Amino acid sequence: MLDPAIIWDWLGLLLRWFHVVAGIAWIGSSFYFIALDLGLRDAPDLPAGAHGEEWQVHGGGFYHIRKYLVAPDRLPAHLTWFKWESYATWLSGMAMLAVIYWAGAELYLIAPAKADLAVWQAVALSAGVLVAGWGAYDLLCRSGLARQPGWLMALLFAGLVVLAWGLVQVFTGRAALLHLGAVTATIMSANVFLVIIPNQKRVTADLRAGRQPDPALGKAAKLRSTHNNYLTLPVLFLMLSNHYPLVFATPYNWAIAALTFPVGALIRHYFNARHAGAGNPVWTWGAAAALVLVAMWLSARPVAEADPEADTATAAPRFAAAEGFDQVTGIVQTRCAMCHARDPLWPGLRHAPRGVVLETPAQVAAQARAIYLQSGRSRAMPPANLTALAPEERRAIRDWYRAADAAPWRLAGR
């Protein structure tokens, strides 16, 4: 019978796999339709109500596509809706948030030196940030700023910068950046679920009932779709950031996260301009590269001596009290701590891999499941077994973890 830690880790892997597949489907369709929309051309034989057309070649055949700003005179019986890609991406992302950050709140989410929250408080704050982020954004889009999209985007960016800074003051760096991405992804998916699809359904219902659809519905949906297009690349960066300590475990992690939004917008602007036939704005790549260099420079700033996250690992009593803990602590400090330290000794490492520090017994206990899976159940760590972790030492790690008899939801000492 598989032990709970292995089942829990496989659950995280399968959710991540599904999340990536759903995200590819959503981003792919989003990018395709933006490119299609911008590439539409006028033609002398366009039917009444048609905005433009495009010819495409793919898979050995040709496609003739026309877009109607409202709808054709006769609505076809077969109408394909693009919505489940968005819903599946958000739902799988929320499941991952619950499995990793909520179930493991004391390890991944809470930073006691910043805000000594109870687990329920941290989880409530995490969920509340997602809801509040969408609510604030939706109010902006329904205000008069909807008629000034440039100012609306500027205000949205300012709000995201403030949010990034605020999240870093409460959560661990990894969780803060992940939540900034989750807030942005929630805005994007809610745009589809609460605005874009409902507006399209109203238009469809009006047409089938013989009524004239309200053009404002299409304009509102188009505004939200454009926002989604420009927010996609920053969300992807933020979701990947939790694998790179140079991003999430540095003093200016909030500023680095904020810079990803103009970088992503510049890259999307380049492709949007090309698709629209509006020239070749190569300057966007130079501007994006300059901002990336700023982010790299920020990541190299010295870490303050009083690092609020350096000693926040809370010992999991179940693991600290288990038979063999002292032996395993010695093994980890000998074989792992040269890299997993505040100041790694391994050449070329500036930060501990994935921000995991294993210098104290409390930190070893807090990382029990990761140590068990990475070094006890598998040979992932040390990489290439560079520090010569012996088979009997791996066995000691397995025996210690099993002695604790820990279920995954008790990992952090609940």
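Q: Leaving aside neighbours within four places in sequence, which residues is H179 in contact with?
A: This is a predicted model, to start with. In it, H179 is in contact with L97, L109, S126, L130, L167 and F171, leaving aside its neighbours within four places in sequence.

Q: Where does H179 sit?
A: H179 is in helix α6, which covers residues 173–208.

Q: Is H179 buried or exposed?
A: H179 counts as buried because its relative accessible area is 0%, and the cut-off for buried is under 20%.

Q: How far does α2 reach from its first C-alpha to its last?
A: Helix α2 runs over residues 84–102, 19 residues in total, and reaches 25 Å. That is close to the 27 Å expected at 1.5 Å a residue.

Q: Changing topic: cavities. How many come to 30 Å³ or more?
A: The count is one cavity of 30 Å³ or more. The largest cavity has a volume of about 40 Å³.

Q: Which residues line the largest cavity?
A: The lining is made of W26, I27, S30, M188, N228 and T232.

Q: Which helix gives the most to the lining?
A: α1 gives the most, with three residues. Both α1 (4–38) and α7 (215–241) supply at least two residues each.

Q: How do the lining residues divide into nonpolar, polar and charged?
A: Three are nonpolar, three are polar and none is charged.

Q: On to the strands. In which sense do β1 and β2 pair?
A: β1 (residues 50–58) and β2 (residues 61–68) pair in the antiparallel sense, over eight bridges.

Q: What stands opposite G52, and what opposite W55?
A: In β2, K67 stands opposite G52, and H64 stands opposite W55.

Q: And the turn of that hairpin, which residue takes a positive phi there?
A: G59 takes a positive phi near 60°, in a hairpin with two residues between the strands.

Q: Next, the loop between α14 and α15. Which residue there has a positive phi although it is not a glycine?
A: A388 lies in that loop, and its phi is about 60°. A388 is partly exposed because its relative accessible area is 44%, which falls between the 20% and 50% cut-offs.

Q: Which residues does the cis peptide bond join?
A: The cis bond joins M381 and P382, with omega at about -10°. P382 also lies in the loop between α14 (368–376) and α15 (391–404).

Q: Last one, G324. Where is it found?
A: G324 is found in the loop between α11 (317–320) and α12 (325–335). With 25% relative accessibility, G324 counts as partly exposed.

Q: How far apart are the C-alpha atoms of G324 and I397?
A: They are separated by 8.0 Å, and the two residues are 73 residues apart along the chain.

Definitions and conventions
Residues are numbered from 1 along each chain as its sequence is written. This is a predicted model: local features need pLDDT of at least 70, side-chain atom pairs count only at pLDDT 80 or more; totals for chains, interfaces and linings use all residues. Side-chain values use heavy atoms; hydrogens and water are left out. On a 1 Å grid over the protein atoms alone, a cavity is a set of points where a 1.4 Å probe fits but cannot get out, and a pocket is an open set with protein on both sides within 12 Å along at least five of seven lines; lining residues have an atom within 4 Å of a point. Grid points are joined across faces, edges and corners, and a volume is the space filled by probe spheres set on the points. Helices (H or I, at least four residues) and strands (E, at least two) are DSSP runs, numbered from the N terminus. Ala, Val, Leu, Ile, Met, Phe, Trp, Tyr, Cys and Pro count as nonpolar, Asp, Glu, Lys and Arg as charged, and the others, Gly among them, as polar. Two strands pair if DSSP finds at least two bridges between them. Buried means under 20% relative accessible area, exposed over 50%, partly exposed in between (1.4 Å probe, protein chains only). Contact means heavy atoms within 4.5 Å. The expected span of a helix is 1.5 Å times one less than its number of residues.
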